[in-house]
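Please read this briefing alongside the sequence and the coordinates. The points are grouped by topic.

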Amino acid sequence: MLVLQTLLLGPSHGHTIAHAIEHRSEDVLQIEHGSLYPALHRLEDRGWIASFWGTSENNRKAKYYRLTPAGRKQLTAQTTRWEQMVRAIGRILKPVSEQ
């Protein structure tokens with residue numbers, strides 16, 4: 001969900017995706033490249049993202065990823081599911097006192 005949300009802003013290469021997630025989470029979430037790239041491959045296999053080769057800011061060849069229409073639909077579904085989970089966990093952690 002976080003990768004899809006990051007790509008909603010536009011195509012990015014792996015290092016930029018990891019940095020964006022870390023930065024936007026105020027460094028609470030640390031993205032290891034050893035787990036990011038397998039995740040990107042899975043998302044691409046599912047058709048939620050697509051890749052293409054381009055040139056990075058450092059003038060190096062880099063693989064960029066972009067969100068597909070199916071990925072946008074999946075992001076909406078995952079966001080809805082996440083919000084349901086947060087509400088459910090909140091109800092367990094802070095139950096309404098019985099009267």
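Strands β2 and β3 run antiparallel and are joined by seven bridges; strands count as paired if DSSP finds at least two bridges between them. Helices (H or I, at least four residues) and strands (E, at least two) are DSSP runs, numbered from the N terminus. This is a predicted model, in which local features need pLDDT of at least 70 and side-chain atom pairs count only at pLDDT 80 or more, while totals for chains, interfaces and linings use all residues. Residues are numbered from 1 along each chain as its sequence is written, and side-chain values use heavy atoms, with hydrogens and water left out.

**Sheet**

- W53 has K63 of β3 as its bridge partner.
- β2 and β3 form a hairpin with five residues between them, and N59 in the turn has a positive phi of about 65 degrees.
- The open sheet has three strands in the order β1-β3-β2, with antiparallel pairing.
- β1 and β2 (49-55) stand at the edges with a single partner strand each, so one side of each has no neighbour in the sheet.
- Two bridges pair β1 with β3 in the antiparallel sense, and H13 stands opposite Y64 in β3.
- In general, strands of a sheet pair through backbone hydrogen bonds, either parallel or antiparallel.

**Two strand residues**

- S12 is found in strand β1 (residues 12-13).
- S12 counts as buried because its relative accessibility is 10%; buried means under 20% relative accessible area, exposed over 50%, and partly exposed in between (1.4 Å probe, protein chains only).
- Not counting residues up to four places away in sequence, S12 touches L7, I17, K63, Y64 and Y65, where contact means heavy atoms within 4.5 Å.
- R66 is found in strand β3 and is partly exposed, because its relative accessible area is 36%.
- With residues up to four places away in sequence not counted, R66 touches L7, P11, W48, I49, A50 and F52.
- R66 and L9 are 57 residues apart along the chain, and their C-alpha atoms are separated by 9.2 Å.

**Nonpolar core**

- The largest nonpolar core has 14 residues, of which V3, L4, L7, I17, L40 and I49 touch the most other members; such a core is a set of buried Ala, Val, Leu, Ile, Met, Phe, Trp, Tyr and Cys residues joined through side-chain atoms within 4.5 Å.
- At least two residues of this core come from each of α1 (2-7), α2 (14-24), α3 (33-45) and β3 (61-67).
- L4 is in contact with L43, W48, I49, L67, G71, Q74, L75 and Q78, leaving aside its neighbours within four places in sequence.

- G14, I17, A18, A20, I21 and E22 are the buried residues of α2.
- These buried residues pack against α1, β1, α3 and β3.
- L29 lies in the loop between α2 and α3 and counts as partly exposed because its relative accessibility is 37%.

**Surface patch**

- M1, L2, V28, L29, W82, M85, V86, I89 and L93 form a nonpolar patch on the surface, with about 860 Å² of accessible area together.
- Accessible areas come from the Shrake-Rupley method with a 1.4 Å probe; for residues, only the protein chains shown count as cover.
- Helix α4 (residues 69-93) gives the most to the nonpolar patch, with five residues.

Terms used:
Patch = residues over 30% accessible without salt bridge, like charges linked within 9 Å, V, L, I, M, F, W, Y side chains within 5 Å. Salt bridge = Lys/Arg side-chain N within 4 Å of Asp/Glu carboxyl O.
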